[in-house]
Amino acid sequence: MKLNMNFMKTKSVRYGGYATLVTIIVLAAIIIINLIVQSIPAQIDMTENKLYSLSEQTLKVLKELNADVHIYALFKTGNETPDVKEVLEKYSQVSDRVKLSYIDPDLNPTFTAKYDKEGKGIQEGSLIVESGKTFKVILPYELYNISYNQQGQPMLLGYSTEQKVTSAILYVGTGYTPVVYELTGHNEDSLVSLGIDKALGDENFSLSAVNLLTQDIPSNSAVLVVNSPKFDISQVEADKIISYLEQGGRVMFLFDYTEKPLPVFDSILQTCGLSLDRGIAIEGDKNHVAGNPLILSPNILAHEITNPLSSSNLNLIIPFSMGIIESERKLRTVEVTPLLATSKNSWLRTDLNNNQMTMLPGDKPGPVTIAWASNKKKLDMNEKDGYRVVVVGSGNLLKPVSLFGTVKGNIDFFMNSISWLNGREDSISVRSKSVYRLPLSMNALQIYIFAFIFIILIPLALLGVGLGVWLKRRHL
């Protein structure tokens, strides 16, 4: 039988051969590239929020270490948690001062005895950070930022390994725990009931309460928090807060709108260059609301407190906020900086008897600033640091929000404020890495554009390409 060699010269056979050859080359290239990448020890963190990278502040802390720090990770051999392990190894890679060891609790059952103060045992998966005679134990559940929805189901909001480890390194390096005091006696919302004591504890703050009718502000107060008082303060209490501020005190005020004015509280704010603007902010821009014009997703303005939120693309959700304005009689030594504001399409509703969600003649046009930072500047280098104050127009900042639960951006804003007030800027940017995003919000025009692109334009383009290929190949 004679083989017809002309068949091998046809266009279809030649095109088929070319296609097969190209496929083989591409597959070989993919295999070679994978082998090369796997042989490179360094890894590139391609996650949006750099889940497995160390922040600039952590790198700064590690660079300034002047004593060895030991991190003991309690995992059974071969049972290490991958995301935790990857972050921990970054510490020892960056600093020779950090010594990382994996301890198998089954093979070393007595290892944790000296770290187990209460004798209850230390869970597998825990981390122990030690320097000298000081140590801190980080439990497994503390390595994740978990919230619960209205049905009680847990939701993973972020990874906290870096936050907890860096905070522990700062602690074992100093052994100092600042105390945050919350004001009581005015039906305030307790920080403990809101779970904020845990967030404070995670960053080595302790929490106590103070009633200024019977007590003075303790001398060891790092920050005083006034959270959502339901009625005004007395002048006796106000004098104690003003005296505390004059001595360089640090205070965070979170106010909710109340039927009765708060003139004494407002007088304290005016000494700091600010004043309450009574009314409720209403947002007219759909890109800055969370399902309701009264539930704001404000613009985040530039400041040491807020910059990490912007760089991490974190949103805040703040329901029912009052406005805060700059006082007309602000002293020149007082510096005030806006932190959060509504859009220019918003307004402040002063007549709360009218429920209409459109702007009325008596409303104040936006933007409405709902959070400020204030600090008293030093006039000369020998003068001690002046006070620092943060004021927020909504105590709802710390409460779970309907449909969203606990909002990570809100808690980070609060903790950043506490750290800034306490002068601990070194820990502001070390927060848990968020894996949560708010639902995408689009206006009608954007919806029509995307619908046209994905439903009409792209299918037509694919159909056109396919038709062109068919017309070309039908003549082969």
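**Entry 1: strands E1 and E2**

I looked up Leu-74 and found that its bridge partner in E2 is Ile-103. I note that the model I am reading is a predicted one. I then examined the two strands concerned: E1 (residues 69-74) and E2 (residues 98-103) run parallel and are joined by six bridges. I next followed the chain between them and recorded that E1, helix H3 (residues 82-94) and E2 form a right-handed β-α-β unit.

**Entry 2: strands E7 and E8**

I turned to E7 (residues 179-183) and E8 (residues 206-210), a parallel pair with five bridges between them. Within this pair I located Val-180, opposite which stands Leu-207 of E8. I recorded a right-handed β-α-β unit here, made by E7, helix H5 (residues 196-202) and E8.

**Entry 3: the eight-stranded sheet**

I asked in what order the eight strands of the open sheet lie. I read the order as E8-E7-E9-E10-E21-E20-E17-E14, with mixed pairing. I noted that E8 and E14 (299-300) each have a single partner strand, so one side of each has no neighbour in the sheet.

I also checked E20 (residues 369-376) against E21 (residues 388-392): they run antiparallel, and five bridges join them. In this pair, I found Asn-375 opposite Arg-388 of E21.

**Entry 4: helices on the sheet**

I then asked which strands helix H6 (residues 235-246) touches as it packs on the sheet. I found E9 (221-227), E10 (250-254) and E21, and the direction of H6 makes about 140 degrees with that of E9.

I recorded that helix H9 (residues 408-421) also packs on the sheet, touching E7, E9, E10, E17 (334-341), E20 and E21. I noted about 155 degrees between the direction of H9 and that of E10.

Notes
Residues are numbered from 1 along each chain as its sequence is written. This is a predicted model: local features need pLDDT of at least 70, side-chain atom pairs count only at pLDDT 80 or more; totals for chains, interfaces and linings use all residues. Side-chain values use heavy atoms; hydrogens and water are left out. Two strands pair if DSSP finds at least two bridges between them. Helices (H or I, at least four residues) and strands (E, at least two) are DSSP runs, numbered from the N terminus. A crossover is right-handed if, with the strands pointing away from the viewer, the path from the first strand over the helix to the second runs clockwise. Contact means heavy atoms within 4.5 Å. Axes are lines fitted to C-alpha atoms, for helices over the stretch in contact, and angles run from 0 to 180 degrees between N-to-C directions.
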